[in-house]
Amino acid sequence: MAEQWRDTRDERGTGEDAQNSRDMGRRGVPDDVARAWDELVAAARRTVADGLVVGTSGNVSVRVGDTVLVTPTGVPYDRLTSDDVTGVDLSGRQVLGALRPTSELPMHLAIHTTTEARAVVHTHAVHATAVSTLVSELPLIHYMSAALGGPVRVAPYATYGTPELAENMLRALTGRTACLLQNHGTITYGDTLSEAYDRTTQLEWMCQVWLKASSVPGLTPHLLTREQVNRTGQRLKDYGQPQ
C-alpha cells in the first residue's frame, strides 16, 4: 500500500549503529538469497522508473525456500543496498535484516502461502488505480486478459496492511494471477519476479486502453466475450519458445 515517503534515518541508525545493522543484514546470507535480494531491489527501483509507484508506495517480494524477501517499509528504493536484506518466514516472523518489512506483508504472505508464487509485485499504477474506482471487473478490452487467467476482478476496498484486505485480495485472485485493489492499486504474482512484473505492466496497459477507449464521446468500446478470451487462453499455452 501507501507507504508514502518518510525519513527513516532513525530506524536505520547512523554511524556505528548503521554499520552494525548492515553487518547483521548480510551476515551468513546464502548466495541465492543475496542474488534474489539484488533482483528484488532492481525491480522495486524499476517500478519507480516506470511510473508504477510514487515514492515508496507499492512493494515487492520474492520467496527463496521458506524465506520471503520483502521491501522494507518507508525506505526509498534508491537507498537500499545489498546489505539491507529484509526477510520473514512464512508466518511473518522476521528472520533477516534490521529494517521493518513492508506494511503490506499480509497480502504478500497470503499469496506465498496459498499459491505456488515465487514473486509478488504490488503497485499504485495510475491507470489501474483509476479503473479500480470505476468497475468491479476490468472490461474485456483486450485478449491478453487471458494471460492473467481471465477477466481481472477488483478486490473490495479495505484498509492497507490489514487481514481484511488480504482476504479480499485472495477472493479476487481466485483462478487469476492479478487483480485490482479498489481505490488502491494492483497486485500480481508469478513463478519469477520477471513474470510478476510483466503481468503488472500488462494489467496497467489494458487499464489505460480501456480508459482511453471509454473516453471517446459518443462511442462505446467493443468488448470481447469470455469465450473469445478463453480461446486465447488455450492458444497462449503454446506461446513462445519450447522449454
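**Note on a predicted model**

1. Asn183 is partly exposed, with a relative accessible area of 47%, where partly exposed covers the range between buried (under 20% relative accessible area) and exposed (over 50%), computed with a 1.4 Å probe on protein chains only. Asn183 sits in the loop that runs between strand S7 (178-181) and strand S8 (185-190); helices (H or I, at least four residues) and strands (E, at least two) are DSSP runs, numbered from the N terminus. The phi of Asn183 is near 55°, which is a positive value in a residue other than glycine. As background, most residues other than glycine have a negative phi.

2. This is a predicted model, in which local features need pLDDT of at least 70 and side-chain atom pairs count only at pLDDT 80 or more, while totals for chains, interfaces and linings use all residues. Residues are numbered from 1 along each chain as its sequence is written, and side-chain values use heavy atoms, with hydrogens and water left out.

3. The confidence of the predictor deserves a careful look before the details. Here pLDDT is the predictor's confidence in each residue, from 0 to 100; its mean over the protein is 90, and 87% of the residues reach 70 or more. Over residues 1-25, however, pLDDT stays under 50, and for this stretch the model has 57 contacts beyond four places in sequence, a contact meaning heavy atoms within 4.5 Å. Where pLDDT is low, the predicted coordinates should not be read in detail.

4. As for the overall make-up, the protein has eight helices and eight strands, and 49% of its 243 residues count as buried. Among the contacts between residues at least 6 apart in sequence, 68% join residues at least 24 apart.

5. In helix H4 (residues 105-114), seven of the 10 residues are buried, so H4 is largely enclosed by the rest of the structure; the buried residues are Leu105, Met107, His108, Leu109, Ala110, Ile111 and His112. In helix H8 (residues 226-236), the buried residues are Val229, Thr232 and Gly233. These three cover an arc of only 105° around the axis, which puts them on the same side of H8, the arc being that of the directions from the helix axis to the C-beta atoms. Glu227 and Arg235, on the other side of H8, are exposed.

6. Tyr189, in strand S8, counts as buried at 15% relative accessibility. Tyr189 and Ala119 are 70 residues apart in sequence, yet 5.6 Å apart in space, C-alpha to C-alpha.

7. Arg199 belongs to helix H7 (residues 193-214) and, at 17% relative accessibility, also counts as buried. Beyond its neighbours within four places in sequence, Arg199 is in contact with Ala147, Leu148, Thr177, Thr188, Tyr189 and Gly190.

8. Arg199 is also one of the residues that line the largest pocket, together with Met144, Ala147, Leu148, Glu195, Asp198, Gln202 and Leu236. On a 1 Å grid over the protein atoms alone, a pocket is an open set of points where a 1.4 Å probe fits, with protein on both sides within 12 Å along at least five of seven lines, and lining residues have an atom within 4 Å of a point. The volume of the largest pocket is about 180 Å³, a volume being the space filled by probe spheres set on the points, which are joined across faces, edges and corners. H7 gives the most to this lining, with four residues, and the lining divides into four nonpolar, one polar and three charged residues. Ala, Val, Leu, Ile, Met, Phe, Trp, Tyr, Cys and Pro count as nonpolar, Asp, Glu, Lys and Arg as charged, and the others, Gly among them, as polar.

9. Met144, in the loop between helix H5 (126-132) and strand S6 (154-155), counts as buried at 19% relative accessibility. Not counting residues up to four places away in sequence, Met144 touches Gln202 and Met206. The C-alpha atoms of Met144 and Thr232 are separated by 7.8 Å, although these residues are 88 apart along the chain.

10. Ala34 and Ser82 are 48 residues apart in sequence and 7.3 Å apart in space, C-alpha to C-alpha.
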